[in-house]
Amino acid sequence: MDSSDNKQGSSPQSAPGVDISPDDAAQRTHDGEQSSGPAPNGSDDSAGPAVSVTDSGVPLLDPPCYVLLHSLSKRHNGTAVIRSSVALGVRCIVMSGSDKYTTFGCHGSDAYMDFKHFPKLETAVQWLKKEKQCEIVGIEICEGAKPLASAPFKGPTAFLVGNEGHGLTPEEMAVCDWFVYIPQHGFGTASLNVAVATSIVLYSYAQWAKYPEAPREGYKYVLGPRPQRTAPKGHVAKETPAEKAAQRALARTTAVPEVAFETDLFAE
């Protein structure tokens, strides 16, 4: 039975998942990662290779998955998306517009996620496409959208999340390569809550990508070592001068429509 409290365990039970061989683990090594952490089969480090993680404790799983948030309203939706992203192996949450988010309801899980901020949506999209070779997939019920069960995932993917009620704006839809939707079978609601829909899509992607299951202990999953925050709580870390210069250069090359930013992320 799940609860909102995170708990560290000492003797995780084996989780049915995909084991990562030493060769696979070596291929997933990146700058800034750690080699410590629980092994994907639920054993300790001495019994098998560990999944490589970033300094924030994010597992470096392939193909990577990203979440793109632009002007997402209602803080309970934002924090639920963050927590689900941590649980389901998202590589990074990319935010455009405001560099602030609320931690209410995260229960500390935001410390285990990498965030990246861009002032404008089009620059964030270009970074994901050019630097991370991502397809931008909008989560939306619209003409031409693919049902989730048959979604044609190919590789690195960034999911663009819309707002409650009206979903993605026309400007946001214009930057998407394609769309995915979750078929419904009842007649009492026009759509799912945005955080619920995002969680279902992220789970489906993780299953398609064959991400290994994290180790469990009792009724909970085992936490990794708590990362040290590099920015004040609820803020994305400031870009270095080199990163700012790279963003300016990227912005000059973008050709996708600009989307104006109106409100802080997760504002009530």
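Biologist: Hi! Is I200 buried, partly exposed or exposed?

Modeller: I200 counts as partly exposed, because its relative accessibility is 34% and that class runs between 20% and 50%. Keep in mind that this is a predicted model.

Biologist: Where does I200 lie, and in which element?

Modeller: I200 lies in helix 5. Together with L192 and V196, I200 makes a nonpolar surface patch of about 200 Å².

Biologist: Switching to the inside now: which residues touch the most other members of the largest nonpolar core?

Modeller: Those are V67, I93, F115, F159 and V180, out of 34 residues in that core. Several elements give two or more residues to this core, including strand 1 (65-70), helix 2 (75-87), strand 7 (178-181) and helix 5 (194-209). The largest share comes from helix 5, with eight residues.

Biologist: And what is V180 in contact with, leaving aside its neighbours within four places in sequence?

Modeller: Among its contacts are V137, I139, A145, P147, L148 and V201. E140 and K146 are on the list of V180 contacts too.

Biologist: Which residues does the second, separate core include?

Modeller: That core has 19 residues, and A124, A158, L160 and F179 are among them. As a general point, nonpolar side chains tend to be buried together in soluble globular proteins.

Biologist: New topic! What pLDDT does the protein chain average?

Modeller: The average is 77, and 66% of the residues score at least 70. Over residues 1-49, though, the pLDDT is below 50, and that stretch has 103 contacts in the model beyond near neighbours in sequence. Residues 256-268 also have a pLDDT below 50, with 44 such contacts.

Note on methods. Residues numbered from 1 in each chain as written. Predicted model: local features only at pLDDT ≥ 70, side-chain atom pairs only at ≥ 80, totals over all residues. Heavy atoms only, no water. Core = buried A, V, L, I, M, F, W, Y, C linked by side-chain atoms within 4.5 Å. Buried < 20%, exposed > 50% of the residue type's maximum accessible area, 1.4 Å probe, protein only. Helix = DSSP H or I, 4+ residues; strand = E, 2+ residues; numbered from the N terminus. Contact = heavy atoms within 4.5 Å. Patch = residues over 30% accessible without salt bridge, like charges linked within 9 Å, V, L, I, M, F, W, Y side chains within 5 Å. Areas by Shrake-Rupley, 256 points an atom, 1.4 Å probe, with all protein chains shown as cover. Salt bridge = Lys/Arg side-chain N within 4 Å of Asp/Glu carboxyl O. pLDDT = per-residue confidence, 0-100.
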